[in-house]
Every structure is written in C-alpha cells, then in structure tokens.
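Student: I would like to work through this structure with you, one feature at a time. May we begin?

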Amino acid sequence: MNRFDLVGFRTLLRREILRYVRRPRNTFLPPMITNVLYFAVFGVVLGGRIDEIAGFRYILFILPGLIVLGSISNAFENASFSIFHGRWNEYIHEVITSPLSHTSMVLAYIFAAALRGLLVGAIIAGVGVVFLWLTGTPLGVAQPFYFAAFMLVIALLFASFGVVGGLWARDFDYLTVLNQFIIRPLVFFGGVFYSLDVIPEPFKTLSYLNPMIYMVNGVRYGMLSYADVDPDLALVVLTGLTLVVIAVDVYLFKEGYGLVD
Amino acid sequence: MAEAIRVRDLRKNYGDVQALDGLSLTVEEGEFFGLLGPNGAGKTTFINVLVGLVRETGGEAEVFGFDVETDYREARDRIGLAPQEFNVDRFFPIREVLCHKAGYHGIDHEEAQRRADEALKTVGIYEKRDTRFDWLSGGMKRRFMLARALVSDPELLILDEPTAGVDVQLRHDLWDIINRMNDEGTTILLTTHYIEEAERLCDRVAIVDSGRKVEVASPDELMSRGTDTVDVGLADPPTVAPTFDYDGVVESRMAEGRLEVVTSRGGALVPDLLRDLEAMGHEVTDLDIRRASLEEVFVDMTRTDSSVGGSSEAEEVVQ
Ligand SMILES: Nc1ncnc2c1ncn2[C@@H]1O[C@H](COP(=O)(O)OP(=O)(O)O)[C@@H](O)[C@H]1O
Ligand SMILES: [Mg+2]
C-alpha cells in the first residue's frame, strides 16, 4: 500500500474543489466586486491624475499586484477555512481517519486551494481587461512563462501557508487575524500600488525584506516585462520556499498537529 | 483464528486524567465484541486510538496485525467507524458524503455511488439521499452514521454507543443490521452502557472502568457469577420465611406474600427446594426463576474497582 493512492487523492481534491465551486456567490463574487472598486478608484479616478510609472499607465501597473493580492488571499483563505471548519465541526475526521496517506491529504487541500487562487486571479484579470479596454490601454502578456510560473508558485505557496493556519487556528478569529493583519499589509506594502523607485530610503531597502515584493514583481515581470527585482532569483527562492512549506504541512499532518488529541 | 484487534498496555493521559490506564485486550476475527463501561471509562478514547484520532501515551495497538501508527493506512482501510458524536460533512448531500468516504478507501467513483446507494438502502434512508446531514431527523442521523461506517465494506465495524438516545424501533432496526453484518463475517466492536444491548448482541464482553479492563467473558458467564432468585408462590404463605441449610442458598425471605430464595446455583436448587417445602407442609402454586441481570454483575464489578480507581458514576448507580 505504498503506492500513491490516486483514487483517494482525487476524491478529496474533487470534494475540496466542489465545496467552493458550488457556492460561487461566496467564492467568486466578492473578489470580483472588490476589484471592480479597486480598478475604478485606483485605476480610473486616481490613475487619470498619476503620471506613468516606469513607462506604464497606472492602471496597467497595478493590474499584476491586484491579481497577486486576490490570488494569494483566496488560496490562503480556502485552505485555512476548509481545514479549520472541518476541525471545528469535526468532519475532518472523515479524512484523517481514512486510509489516505498524509501526503495525499495535504496535496489535495493545497491543490484545491491553489486552484481557487488561480481562478480568482483569472477573474481579476478579466475585470482588469475590461477596465483597460474602457480606458483604451493596450495589454499583452510579455513573458507568458514567468507569468504562469509565478502565479502557480504563489498560489501553491499561500495554499500551503493556509494549511498551517487552518491547523494552528483555535478560533475563527485567528483566520481573520492572519488574513487582515498579516497578508494584506504585506501585500499593500509589497509594491502593488507603487514602484520601489518612488519611495525614499530607508523604506526602499526595508521593502526588500518583504516577500511580497518578489511575488508582485514576479507576476508584473510576466505581464509587463518590468520588475524591481531579479525575476529568476525570485522564482527560484519562491519555489524553494513553497516546497519547504509543503513539507512542513505534511509533517504537521503526520504529527497530527491540531488534529489528534 | 486471527486477531481483529490487539492492544497491549495501552495508556493515554490527558494532563492528570488517565483516560486509558494499561488497557489490554484482544478481539478475535468474526467476533461480536462488547465494551461495557460507565461514562468516562475510556471507551471512546480506546476507539480513537485505533482510528488515529488519539495518539496513545504508551502501549501498542494493532488492527488485523497492522500497527495503528506505523501501518496506519492498512489498519484504517479495514475499519468502519460510527462514532458517538456526529461528525459529518455539512457541505454535501449525504449520498455524496458516502461517495467521498468510499473514495478515500480507494473505491472508484462508479462503484462508490453504487455502494452509497446500497448503504443508504440498508439503513432505510435512501429517499433522503439528496438531503444534507443537518436536515435529517435525529433518528435518521443515527442511521446515517451506520451507513457511513458500512460504505467501505469494512472488516471491522466499530460502533461507539450507536443506540444512545434512540427510540425502541430504531434500536431494534440497528441491532438487526449489525447482527446481519456479523453473520456475514464482519467483526464488530460495540461500546455501550446499555447492559441489555451487550447481553443481546455480544459473543464476549469486556467490562472497562477507569481506563482498565475489569473482566472479559461471555454475557452468560458473567451472569452466572451473579446470584439467581427463585420466586415461589405458596397457597398459604407464612409470615416468616422457612430456612434451608444446603449449599448455594444465600438468603431466604418473604416479599409481598411470596417466598424468594436467593441462590448461586440457579435452577439446580429447585428439586431440593420443592421437596423440602412439601415436607414442611407448604403447597406450591407457581415458581419462577429470575436470573441475575448483567447489570447487577456489572455494577458489582465496577463498584469494587472504583473504590480503588475513584470513578463516581458506578457508585451513583448503586445508590
Ligand atoms: N480531549 C480530552 N481532553 C481531556 N480529557 C479527555 C478528553 N477526552 C476524554 N477525556 C477524559 O478521558 C476519560 C475517558 O473518556 P472517554 O474515552 O470519552 O470515556 P467513555 O467513552 O467511556 O465515556 C474521561 O475522564 C474524559 O473526561
Ligand atoms: Mg464515549
């Protein structure tokens, strides 16, 4: 029984995906509305009064950052909510008392949550395209490989963080704290709305400590071929980090952290 | 015969509470085994060790020879559990919940659907298949718990107080289903604090208290350790009970105009008793033997134990 339990893995993956796909009003509508607001206010209203940044119209410049923000917070939220809610109501026992291997369990939770992040990213891109068209701004994906690779890696990374969050949380408040007080501030100071060139020292240098800088700039490089950081290095580091966090997830499941008395 | 469950010196501490305190027991393959004990005895903790919801503090546990920790996948694949508390996925209709459960056991989607329908029919809630668990009535919820345990066609079916708080009709339905499973070869581990349930269903019963095994025996054996009462109707009852001085008579007394002879020899005493009564000039109108209930034996055993272990429930039962 050492082979990978494909049927069990697929079943849990399917369950996890159906859980959110069947509730589109909870899953896909909120990020759509939020981003319509972002694009309207920052892109159109403010963007009309802001000069180009690094040679791009402001609305185009913020598009990659908004995609990153939506993707990672949804990937994180899905994994953490699904695991925490299952613990809270104890139905996660259906999974953890089953013969699924720990690796299968973790990968199913992560892949489903990452997919949600990517779907939300696609929705935001769709909203962005509409606004670009309305403002007569041309768009292309300059570096498709980097764009796809960065999107995939950051969605997986935050889904994996979400697993840790879901295991660690003792209460629904914990999840709110993680999302609102950690992820969002890091993203907002992570170069979504500005280029590092426009901020003064020491904040510019300090910003390089913020991991979000690398994600936002990676995706921006994929779309616009422009980045404040070295995209190759960023991709390697983020990929490594993702693998480490996935390994931590599997370890926590093995140990039964937050799951087993 | 192979062993379905084998645990040795199992311990589990929650802080100062010793939920399991050196529990050892063996359940044979194909057996209908009962775990009888007062609330807080450690029954649920024991089961949770087997399925991996509780990590033991010490000792060993194997299911069909597979260690529940190192070979957890093999062990869990053979177990179907109906837990005491409801823990069902609320996002999906019950038929899908069953399909998921089967899927986790490696059963492909088509077959899982077939099994789900079959399990729902077995427990009699097939027409509710598209309903979510939260919308089922209390009795249907219990039925569903059993369906979920059955859907993977387990070799070992574990039922943790499956009939707690259900009505008589449902209790008998559930008993029928699990009896049939047992007849077809499924090993059954049932925990209960209803003596009648253990007495009716189980081949062997372990009495546990304070995380330890007090006794293992068949219900009949256990009951034979208790005393029986021979209840005699007399045409002209005396006010004072006659005495009998042979082996096995524990007490002789009058109760509501009838003679009650408490004996450790049961029916074997009756011929002697009848002869003596006749010799004394009494006319016997009817005679009935009341066997010790398992409950009395159980209370006796757990009371003795709790004077050491400190469990209060058993003492409350005695008073
Ligand atoms: N998660 C837990 N934390 C602390 N104590 C627990 C926990 N689970 C069970 N216990 C304690 O362990 C003992 C055994 O409980 P349990 O196994 O549920 O008994 P039973 O199922 O026989 O009623 C009880 O004293 C109970 O309070
Ligand atoms: Mg219990």
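Tutor: A residue is near a molecule or strand if one of its heavy atoms lies within 4 Å of it. This is a predicted model, in which local features need pLDDT of at least 70 and side-chain atom pairs count only at pLDDT 80 or more, while totals for chains, interfaces and linings use all residues. Residues are numbered from 1 along each chain as its sequence is written, chains are lettered from A and ligands numbered from 1 in the order in which they are written, and side-chain values use heavy atoms, with hydrogens and water left out.

Student: Which chains surround ligand 1?

Tutor: The residues around ligand 1 include A:Asp261 as well as B:Tyr14, B:Lys43 and B:Thr45. The site is therefore shared between chains, and those chains are A and B.

Student: Which element supplies the largest share of the shell around ligand 1?

Tutor: Helices (H or I, at least four residues) and strands (E, at least two) are DSSP runs, numbered from the N terminus. In chain B, strand E2 (17–28) and helix H1 (43–51) each supply at least two residues of the shell. The largest share, 3 residues, comes from H1(B).

Student: What percentage of ligand 1 does the protein bury?

Tutor: Polar contacts to the ligand are pairs of N or O atoms within 3.5 Å. Oxygen atoms of ligand 1 lie 3.1 Å from a polar backbone atom of B:Ala41, 3.0 Å from a backbone N or O atom of B:Gly42 and 2.5 Å from a side-chain N or O atom of B:Thr45. By the Shrake-Rupley method with a 1.4 Å probe, ligand 1 taken alone exposes 560 Å² and the share buried by the protein is 63%.

Student: How are H1(A) and H4(A) oriented to each other?

Tutor: Axes are lines fitted to C-alpha atoms over the stretch in contact, with angles from 0 to 180 degrees between N-to-C directions. The axes of H1 (residues 6–21) and H4 (residues 58–88) of chain A come within 12 Å and cross at roughly 110°. Angles of 65 to 115 degrees count as roughly perpendicular. H1(A) and H4(A) are therefore roughly perpendicular.

Student: Which residue does a cis peptide bond join to A:Glu201?

Tutor: The bond has an omega of about 0°.

Definitions and conventions. A polar contact is a pair of N or O atoms within 3.5 Å; within protein, one must be able to donate a hydrogen and the other to accept it, and residues adjacent in sequence count only if both atoms are side-chain atoms. Angles under 35 degrees count as roughly parallel, over 145 as roughly antiparallel, 65 to 115 as roughly perpendicular and the rest as oblique.
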